[in-house]
Structure formats: structure tokens, C-alpha cells
Amino acid sequence: MARTLVVKVTAGSDAPERCAQAFTVAATAVASGVDVSLWLTGESTWFALPGRAEEFELPHSAPLPELLHVIMSSGRVTACTQCAARREITESDVLPGVRIAGAAVFVEEAMAEGAQALVY
């Protein structure tokens, strides 16, 4: 049975190390052939917008745009519905391939057979 990794990142530039860890783990899993679903919540929701990942910097960390590209190449990226609404982010604002979905979809993915969920 194939396993799925669901990664929920709750931090953005406000907690750069935690944010980078989530993206690094998700991208490493994708590169290893794991089915990955990355959830952008809280301040990380901003990375669903074009150009925002390019503004993120953390010494000794892989560039966030490269990690995001790897994740989007074979995985899924979702922005939290409520988090997006609080930031006035709509479907027409996000990067191509990013969806906006809510808690019910997150719970469904996290509870699926063979799924492992991590929260950063």
C-alpha cells in the first residue's frame, strides 16, 4: 500500500526555521517518491501567492521557491480556507495548482488509510 505524507505548516516568515523545516521535509518526501500533500495555514498561507516564496530567506536552508517547486511538481499544495479568507486571498490570487480547501478536506487526507500527518 502506498503511503501519503500530509504536512501542515503553520508558520511563515514569523517563525522561519519551523517554516523551512516543513517545506524541506515535504520536498524531501516528494523527491523520495512519497505522495505528499502540503497544507499552508496561518502565516504560511502567503506562500500560496506568486512571488511570496522568493521573499523568504533563511541562512543554511534550501531556497523556499525551489522547495515549493519540488513539492508542486509531484505533490499537492493547499491553502487553508479560513486562513486565506482572513488574508483576503482568493482562488484567482494563488499560484497555478494551489487549491483552497478547509478543515474537512484536511481531516479526510490525514485520516486516510496509509496517511501520516506532520504539523510544523
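**Ground rules.** I number residues from 1 along each chain as its sequence is written, and side-chain values use heavy atoms, with hydrogens and water left out. Because the model is predicted, local features need pLDDT of at least 70 and side-chain atom pairs count only at pLDDT 80 or more, while totals for chains, interfaces and linings use all residues. Helices (H or I, at least four residues) and strands (E, at least two) are DSSP runs, numbered from the N terminus.

**Entry: the cores.** I started with the largest nonpolar core, which has 32 residues; Phe23 and Leu38 touch the most other members. A nonpolar core here is a set of buried Ala, Val, Leu, Ile, Met, Phe, Trp, Tyr and Cys residues joined through side-chain atoms within 4.5 Å. Buried is under 20% relative accessible area, exposed is over 50%, and partly exposed is in between (1.4 Å probe, protein chains only). I found that β1 (4-9), α1 (16-31), β2 (35-40), α2, β3 (76-80) and β4 (98-101) each give two or more residues to this core. The largest share, eight residues, comes from α1.

I then looked up the contacts (heavy atoms within 4.5 Å) of Phe23. Not counting residues up to four places away in sequence, Phe23 touches Val9, Leu38, Leu40, Phe47, Leu64, Leu67, Leu68 and Ile71. There is also a second, separate core of five residues, including Trp39 and Phe106.

Entry: An α-helix has 3.6 residues a turn, so residues three or four places apart point the same way.

**Entry: Thr78.** This residue sits in strand β3 and is buried, with a relative accessible area of 0%. What does its side chain make a polar contact with? The partner is the side chain of Arg99, at 2.6 Å. A polar contact is a pair of N or O atoms within 3.5 Å; within protein, one must be able to donate a hydrogen and the other to accept it, and residues adjacent in sequence count only if both atoms are side-chain atoms. Leaving aside neighbours within four places in sequence, Thr78 is in contact with Leu38, Trp39, Leu40, Arg99, Ile100 and Ala101.

**Entry: Ser74.** Ser74 lies in α2 (residues 64-74) and is exposed, with a relative accessible area of 56%.
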